[in-house]
Amino acid sequence: MKKRKLRDIEVSEIGMGCMAFSHGYGQIPPEEYSVEAIRGAYAAGCTFFDTAEVYSPNLSGIGHNEKIVGKALEDVRNDVVLATKLFLRVLPGAGVYQSVRRHLTDSMKRLRTDRVDLYYLHRVGTVPVEDVAEAMGRLIDEGLIRGWGLSQVDTDVIDRAQRVTPLAAVQNIYSMVERDSEARVIPYCMEHGIGFVPFSPIASGLLSGKITAETKFEKNDDVRNWVPQLSRENIAGNQPIVDLLRDFAEKKNATPAQISLAWMLHKYPNVVPIPGSKNKGRILENLGAAEVTLTDAEFAELETSLNGLKVYGHRGLGGF
């Protein structure tokens with residue numbers, strides 16, 4: 001698979017979001033299945049794996065997903081890029097740096113590693129982002145992390161952080177039906193050498209073409225019950241977008257999901273999507289988008305058609 005850079009961190013141009021093995025999409029698979037799926041993604045050329053300390057069943061614990069990722073990739077640790085995220089709570093009697101370092105140390109143990117390549121602040125909270133940036137800079141200097149990032153942020157926050165310690169990546173929601181970041185965030189990132197890492201790039205499965213108004217999601221711990229584009233009314237409203245992807249997929253001998261990923265790879269050189277799934281076949285399908293190349297004419301046709309279609313439902317940067 002081709003490579004891209006998140007500042008100076010080289011990764012496969014499509015990464016893998018690992019959350020679904022622990023949370024968010026109903027019943028989780030057995031651990032051994034998840035480990036095999038992650039290893040299968042690596043064998044298929046993926047070198048960029050994304051997790052977080054809070055990814056656990058029903059968000060009821062800490063570290064479930066990190067432990068799976070660490071087990072799966074321990075033997076190839078030097079050949080992959082590990083990204084994880086912290087929800088920062090300043091510890092009693094400690095400062096921001098000490099608290100961030102404690103979170104990182106715990107994550108490294110679960111990931112079976114002595115450093116994290118890309119360390120994100122999962123969401124900006126009450127701690128000033130400048131203080132977090134200063135702490136991340138110290139961790140970079142110590143060799144404990146290679147780069148740091150922010151998630152679900154707009155340019156005002158990015159700029160405040162960037163002025164203290166340059167960012168390696170921004171991870172925001174982004175897909176054909178969630179394009180807020182095109183206005184300011186992606187251009188800012190391109191100008192400042194920051195990688196842009198879209199999560200939910202297939203819109204929780206909507207753009208795969210496999211979800212219909214009749215699709216029933218699991219009742220327990222399935223975020224798709226709350227994703228705006230996946231209400232019955234909005235699935236129907238967004239059908240023209242899915243139909244557009246199907247038309248292109250037939251012409252390119254690809255799948256709708258692959259076309260949606262190829263579209264963003266063609267559009268921006270600093271974009272590295274991290275589609276997530278708990279299904280081995282779907283994971284390999286998503287990674288296969290790296291083999292789908294749109295010509296400039298095909299991209300222009302797709303972009304023009306997409307711009308003429310209304311999107312129903314919106315999560316936005318303030319969403320989950």
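The model is predicted, so local features need pLDDT of at least 70, side-chain atom pairs count only at pLDDT 80 or more, and totals for chains, interfaces and linings use all residues. Residues are numbered from 1 along each chain as its sequence is written, and side-chain values use heavy atoms, with hydrogens and water left out.

## Helix H9

Helices (H or I, at least four residues) and strands (E, at least two) are DSSP runs, numbered from the N terminus. Helix H9 covers residues 256-267 and has 12 residues. The expected span of a helix is 1.5 Å times one less than its number of residues. For H9 this should give 16 Å, and the end C-alpha atoms are 17 Å apart, which agrees.

H9 is mostly covered, with 11 of its 12 residues buried. Buried means under 20% relative accessible area, exposed means over 50%, and partly exposed lies in between (1.4 Å probe, protein chains only). Among the buried residues of H9 are Ile259, Leu261, Trp263, Met264 and Lys267. Contact here means heavy atoms within 4.5 Å.

Pro256 lies in H9 and is buried, with a relative accessible area of 10%. Not counting residues up to four places away in sequence, Pro256 touches Leu207, Ser208, Leu245, Arg246 and Ala249. Pro256 and Gly209 are 47 residues apart in sequence, yet their C-alpha atoms are 6.3 Å apart in space.

## The largest pocket

Rolling a probe the size of a water molecule over the atoms shows where empty space is left. The search uses a 1 Å grid over the protein atoms alone; a pocket is an open set of points with protein on both sides within 12 Å along at least five of seven lines, whereas a cavity is a set of points where a 1.4 Å probe fits but cannot get out. Lining residues have an atom within 4 Å of a point. Grid points are joined across faces, edges and corners, and a volume is the space filled by probe spheres set on the points.

The largest pocket has a volume of about 1000 Å³. Its lining comprises 41 residues, and Met19, Tyr25, Ser204, Val223 and Gly276 lie nearest the centre. The lining divides into 18 nonpolar, 14 polar and nine charged residues. In this division Ala, Val, Leu, Ile, Met, Phe, Trp, Tyr, Cys and Pro count as nonpolar, Asp, Glu, Lys and Arg as charged, and the others, Gly among them, as polar.

Ser204 is found in the loop between S9 and H7, and at 8% relative accessibility Ser204 counts as buried. Ser204 has a positive phi of about 55 degrees although it is not a glycine. Ala203 lies in the loop between S9 and helix H7 (232-237), has a phi near 55 degrees, and is buried with a relative accessible area of 4%. Most residues other than glycine have a negative phi.

Asn65 is found in helix H2 (residues 64-73) and is buried, with a relative accessible area of 0%.

## Salt bridges

A salt bridge is a side-chain nitrogen of Lys or Arg within 4 Å of a carboxyl oxygen of Asp or Glu. By this rule the count comes to 27 salt bridges. Three of them are listed below.

| Arg115 | Asp114 | 3.2 Å |

Arg160 lies in helix H5 (residues 155-162) and Glu130 in helix H4 (residues 129-141), so the pair ties together parts that are 30 residues apart in sequence. Arg160 counts as partly exposed at 37% relative accessibility, and Glu130 is partly exposed at 27%.

Arg115 is partly exposed at 21%, while Asp114 is exposed at 54%. Arg179 is partly exposed at 21%, whereas Glu182 is buried at 17%. Arg179, Glu182, Lys267 and Glu303 are linked in a network of salt bridges; Lys267 is one of the buried residues of H9.
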